[in-house]
Amino acid sequence: MLTILPVTVFAALTPGPPFVRLDKNDAMVIVADLQVGLYQVVHDFDTITYRNNILAHTAIASLFSLPIVLTTSAETGPNGPLPKEIATMYPSAPLIRRNGEVDAWDNSDFRAAVRAANKSQIILAGITTDVCTEFLALSLRAEGYTVFANTEASGTFTQKLADDANARMKDAGVVLQGVFAIVMDLMRDWRNTPGSKEVLPWLDTYLPAYGYIARAHEAAVLNGTLAPGEEGL
């Protein structure tokens, strides 16, 4: 008697595009023209949120011990200097003061500073999104770098300009991410170092919406009691 065994048919899977992951051992941060004068032209974020976003972007380098390069454009003119909070965060980091180049990559000192970091992944934010971030991101992509544009820390005149710039960068292979996604990908696992112990206080400072999740848990553990009806939920 012939026994026919069931045949399992597996659907053919077509691989999608590769998941480009941030690697804290191969990444650096660039602050491009996040200057106090240019800050005033940003209208695609409210002023309080955007101020926090640019400080968070800059502080990523400290959290993960990443190299950072700072650059400004015509800072003795109306563009102004970097905010004091950023300048004092990295007093010994390279600060390239450009006096004419719109695209930071056109400045030889800036190119040298980036190359000296010897990293292939660049986390970038600037004002404006459609000039300082986009031009530099496209130049870096042309040089072979993997670029992660922090969409929460780049700002410009209108939402349309931001959308158009982000679309062009995306088409060029730039990865568009916000602060939380960047930090989570660099961390990878809450048990790593930096991990929960270092990242939760950082989030409490720069992303309080998540920090307060941890605060609520702490309060519940230290002070909480179950209300009637909560037990067993």
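**Close-up views of a predicted model**

**View A. T128 sits in the loop between β4 (121-126) and α4.** The model shown here and in the other views is predicted.

**View B. T129 is a buried residue of helix α4.** This helix covers residues 129-142. T129 has a relative accessibility of 2%, and since buried means under 20%, T129 counts as buried. Which residues does T129 touch, leaving aside its neighbours within four places in sequence? Its contacts are E134, S154, G155, T156, A162, A165, N166 and M169.

**View C. T193 and P194 are joined by a cis peptide bond.** Here omega is about -5 degrees. You can find P194 in the loop between α6 (179-187) and α7 (196-206).

**View D. R188 has a positive phi without being a glycine.** Its phi is about 75 degrees. R188 belongs to the loop between α6 and α7. With a relative accessible area of 43%, R188 is partly exposed.

**View E. S65 is an exposed residue with a positive phi.** Its phi is near 55 degrees, and S65 is not a glycine. Why point this out? Most residues other than glycine have a negative phi. S65 lies in the loop between α1 (47-64) and β2 (68-73). Its relative accessibility is 68%, and because exposed means over 50%, S65 counts as exposed.

Note on methods
Residues are numbered from 1 along each chain as its sequence is written. This is a predicted model: local features need pLDDT of at least 70, side-chain atom pairs count only at pLDDT 80 or more; totals for chains, interfaces and linings use all residues. Side-chain values use heavy atoms; hydrogens and water are left out. Helices (H or I, at least four residues) and strands (E, at least two) are DSSP runs, numbered from the N terminus. Buried means under 20% relative accessible area, exposed over 50%, partly exposed in between (1.4 Å probe, protein chains only). Contact means heavy atoms within 4.5 Å.
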